[in-house]
Amino acid sequence: MIEFRNLKKKFGDHSVLDGVDLLVREGETLALLGPSGTGKSVLLKHAIGLLEPDEGDVIVDGISITRASSFELAEVRRKVGYVFQNAALFDSLTVAENLWLAQNDENGKRTLPDCREEAIELLGKVNLKPAVLDKYPAELSGGMRKRVGVARAIASRPRYLLWDEPTTGLDPVNADNIDELIMEVSQDLGVTSIVVTHDLDTAFEVFIDRIALLYEGKVRASATPAEILNSEDPVVKRFVRRTRIEAQR
Amino acid sequence: MSLKRLLKPFRAGLERTGRATLLIWAILKVLPRPRLYLSSALQHAYVIGIQSLPLVLFIAALGGAVTSQQSGAQFTGGLPLWVIGSVLAASVITELGPLLTAIVMTARVGASIAAELASMQVTEQIDALRAMGRDPVAFLVVPRVVAGIIVFPPLVVLADASGLFAGWAVGQIAVDGLTSGDIIYGMRYYFRPWSLIFSVIKGTVFGFAVAFTACLVGLEGGGGAEGVGKTTTAAVVITIVMLMVLDVLLAPVLKAA
């Protein structure tokens with residue numbers, strides 16, 4: 001369970017999060033929606049202590065991220081797989097080495113060859129061929145890099161998966177593929193997922209249990225996709241309508 | 001101009017000093033665990049050392065050549081010519097060898113480290129490391145700093161040798177009446193083993209300074225491609241200022257011995 005409690009964060013004089021309260025229950029897949037610049041990715045980064053809040057707290061499995069020791073924080077991070085917006089693969093390392101970093105903790109004794117079979121399996125889960133293992137990220141397409149990013153995120157067999165704008169920058173076909181991948185991975189691994197997206201197709205049509213709409217630094221609405229679609233809240237209605245119009249253009 | 005804006009550079013300097021202190025502390029915590037960084041540090045040291053060697057030798061040779069020519073121009077008719085050998089040895093071993101090596105390495109290696117880390121920061125690769133429970137200091141900073149400390153002393157000794165050899169060769173051609181024997185006599189007259197040890201100490205300190213400053217500034221990178229460019233420039237400028245300050249601070253060490 002991940003709980004954000006009255007989370008506040010400013011960058012300079014600009015307040016991005018202004019008291020976010022949100023509970024992500026065990027096993028659910030939650031879509032975090034909101035206009036650009038409302039702090040969706042910032043909120044996600046707080047979940048594993050990549051950013052420190054100015055006020056408030058994040059509790060992951062009973063551990064306060066703001067008060068956790070470095071050992072506790074490392075424990076929490078090992079339970080979480082993070083899929084970055086642009087994959088964030090280490091460009092000086094091959095795909096195999098990228099996966100190996102996640103397969104092994106820093107004290108681990110598994111060598112690169114030890115992890116190769118498992119790496120091939122991981123690539124299979126994201127529909128990539130074993131030949132990709134020896135390539136560098138720069139030699140892969142955007143969609144393939146995202147898939148490798150997903151493989152790396154699931155390499156440590158996480159309980160939680162955090163997806164930061166997984167379909168941004170992809171063509172519709174690749175975006176659909178990634179949507180399917182999110183669904184497959186979430187179901188196969190039985191993980192709790194938070195998906196940051198502004199893609200309503202991802203949020204409404206694919207798999208989401210619940211949607212939270214972030215607006216002006218707070219959670220404006222948190223409900224099932226059907227409830228969000230039928231919401232009478234003018235902000236929610238406007239966001240849904242506007243996003244739909246943009247998607248149709 | 002408001003007081004806040006006037007104080008901004010001082011505040012930025014204090015903040016960077018604070019970050020530098022924290023980074024040194026983080027490095028010290030990792031150092032007792034060589035398993036985490038040693039193999040990567042040796043790889044970095046090999047790559048940095050081998051790739052930089054030709055340029056370091058060339059620049060040091062130019063430094064030695066210029067020193068013997070200019071001292072020749074100034075001493076002819078005033079001082080015995082063998083003094084050129086002493087000036088050459090003193091300048092190259094205690095000053096030009098370590099400093100030119102450090103400046104070449106700042107341009108060649110420091111800039112590259114800063115740009116690489118800043119680019120990793122911009123593309124969230126450093127966040128990705130932390131997200132996997134890895135310590136970016138152990139994974140990225142310590143190997144580079146240790147590599148700098150390992151690779152600088154031998155490079156400085158080779159730079160010293162290159163500078164002395166070039167100064168000896170060019171001096172005989174450029175200064176009328178100067179013989180090989182004069183230069184060697186002058187060098188031997190000046191030379192004390194402590195000078196060479198001092199040169200190596202300087203090289204080690206400079207090696208730490210170049211790699212550490214590049215890492216410190218590189219990790220502060222942000223703001224896209226433009227930010228990476230600014231970070232790289234800042235790393236080079238700050239490192240060169242730092243090297244000159246360290247050069248002044250280390251001078252009494254030579255005198256003390």
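Visitor: Which residue in S4(A) does A:Phe4 stand opposite?

Guide: A:Phe4 is found in strand S1 of chain A. Helices (H or I, at least four residues) and strands (E, at least two) are DSSP runs, numbered from the N terminus. S1(A) and strand S4 (residues 55-60) of chain A pair in the antiparallel sense over five bridges, where pairing requires that DSSP finds at least two bridges between the strands. In S4(A), the residue opposite A:Phe4 is A:Val58.

Visitor: What kind of model is this, and how are residues numbered?

Guide: This is a predicted model, in which local features need pLDDT of at least 70 and side-chain atom pairs count only at pLDDT 80 or more, while totals for chains, interfaces and linings use all residues. Chains are lettered from A and ligands numbered from 1 in the order in which they are written, and residues are numbered along each chain as its sequence is written, from 1.

Visitor: How far apart in space are A:Phe4 and A:Val58, C-alpha to C-alpha?

Guide: Leaving aside neighbours within four places in sequence, A:Phe4 is in contact with A:Val20, A:Asp21, A:Leu22, A:Leu43 and A:Val58; contact here means C-beta atoms, placed from the backbone, within 7 Å. In sequence A:Phe4 and A:Val58 are 54 residues apart, and in space the separation is 4.6 Å.

Visitor: Is A:Phe4 buried or exposed?

Guide: A residue is buried if 20 or more other C-beta atoms lie within 10 Å of its own, exposed if 12 or fewer, and partly exposed in between, with C-beta atoms placed from the backbone. A:Phe4 has 23 other C-beta atoms within 10 Å, so A:Phe4 is buried.

Visitor: In the hairpin of S1(A) and S2(A), which residue takes a positive phi?

Guide: Strand S1 (residues 2-11) and strand S2 (residues 14-24) of chain A pair in the antiparallel sense over eight bridges. The hairpin has two residues between the strands, and the positive phi, near 65°, belongs to A:Gly12.

Visitor: Which strands stand at the edges of the six-stranded open sheet in chain A?

Guide: The order is S6-S7-S8-S3-S9-S10, with mixed pairing. Each edge strand has a single partner strand, so one side of each is left without a neighbour in the sheet; the two are S6 (80-83) and S10 (218-223).

Visitor: Is B:Leu62 exposed, partly exposed or buried?

Guide: B:Leu62 has its place in helix H2 (residues 38-75) of chain B. The C-alpha atom of B:Leu62 is separated by 7.0 Å from that of B:Gly163, 101 residues away along the chain. B:Leu62 has 16 C-beta neighbours inside 10 Å, so the class is partly exposed.

Visitor: Which helix gives the largest share of the side of chain B that touches chain A?

Guide: In this interface, 13 residues of chain B are in contact with 14 residues of chain A. The largest share of the chain B side is five residues, from helix H4 (residues 125-131) of chain B.

Conventions: Two residues are in contact if their C-beta atoms, placed from the backbone, lie within 7 Å.
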